[in-house]
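Please read it alongside the sequence and the model.

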Amino acid sequence: WGVPTQQPWATAVLAELLVDRGAVAEARAVLDGTIQPLPGSDPAVLLDRAQMRVLLAEGRPEEALAHADIFQSHAGWRRHPRYVPWRSLKAQALDRLGRQEEAVALAAAELEIARHWGSPGTVGRSLRVLGTIERDAGVGHLEEACALLERAPARLERAKALAALGATMRRARRPPEALQPLREALELAEICG
């Protein structure tokens, strides 16, 4: 579209794509070389989302938690949890820091907002994050996410939900039940690249 590759629009999208592909170091390099946008602008929001995803992928939950406040501030009036998922990203950081009760509350709040919007990909993502944070108690949310995403065009999100469901079942010592969602998650992930 003619957007220079060092601009926040392009680098934010590229960084998130690289995280999804497992190329976390490359995602960090892309973010570190970007131009800083005006606070509160759409490019700032996209860059905040990418920054939090990269920090979480790098295993830096303390920094992700600190950045969540910046993301929330830049999000301003925007509430769509797919566009400004600061709640679920902050919830993941809180969970990794052992603050599960706070994490569940924040993820549940985002799920409520997602249900208001109603798009299957957004609701499915919010269900996946909440179910993952809830661990064994989250199987119902993960199953709901998988069922909802089955009829949505969000194939990568469905792969993530299936992988989370399979991993939860495996940890609960239910390997026969874990096999199918894990296998399907792998197939979808490969299709998505």
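Helices α5 and α7 are roughly parallel to each other, a term for angles under 35 degrees. The model is predicted, and local features need pLDDT of at least 70, side-chain atom pairs count only at pLDDT 80 or more, and totals for chains, interfaces and linings use all residues. Residues are numbered from 1 along each chain as its sequence is written, and side-chain values use heavy atoms, with hydrogens and water left out. Helices (H or I, at least four residues) are DSSP runs, numbered from the N terminus.

**Packing of α5 and α7**

- Helix α5 spans residues 86–96 and packs with α7 at an angle of about 10°, the axes being 10 Å apart; axes are lines fitted to C-alpha atoms over the stretch in contact, and angles run from 0 to 180 degrees between N-to-C directions.
- The crossing of α5 past α7 is left-handed, that is, the near helix is turned anticlockwise from the far one by less than a right angle.
- On the α5 side, the contact (heavy atoms within 4.5 Å) is made by Ser88, Leu89, Ala91, Gln92 and Asp95; α7 contributes Arg125, Val129 and Ile133.
- By class, the residues of the contact of α5 with α7 comprise four nonpolar, two polar and two charged; Ala, Val, Leu, Ile, Met, Phe, Trp, Tyr, Cys and Pro count as nonpolar, Asp, Glu, Lys and Arg as charged, and the others, Gly among them, as polar.

**Thr122 in α7**

- Thr122 belongs to helix α7, which covers residues 120–134.
- With a relative accessible area of 5%, Thr122 is buried; buried means under 20%, exposed over 50% and partly exposed in between, with a 1.4 Å probe and protein chains only.
- Apart from neighbours within four places in sequence, Thr122 is in contact with His80, Pro81, Arg82 and Ala114.

**Positive phi in loops**

- Arg135 is not a glycine, yet has a positive phi of about 60°. Arg135 lies in the loop between α7 and α8 (139–150) and is partly exposed, at 36% relative accessible area.
- Arg173, likewise a residue other than glycine, has a positive phi near 60°. Its loop lies between α9 (155–171) and α10 (175–192), and Arg173 is exposed, with a relative accessible area of 74%.

**Cysteines**

- The structure holds zero disulfides, a disulfide being a pair of cysteine sulfur atoms within 2.5 Å.
- The closest cysteine sulfur to that of Cys146 is in Cys192, 14 Å away and therefore too far for a bond.
- Cys146 is buried, at 6% relative accessibility, whereas Cys192 is partly exposed, at 35%.

Terms used. Helix = DSSP H or I, 4+ residues; strand = E, 2+ residues; numbered from the N terminus. Parallel < 35°, antiparallel > 145°, perpendicular 65-115°, else oblique.
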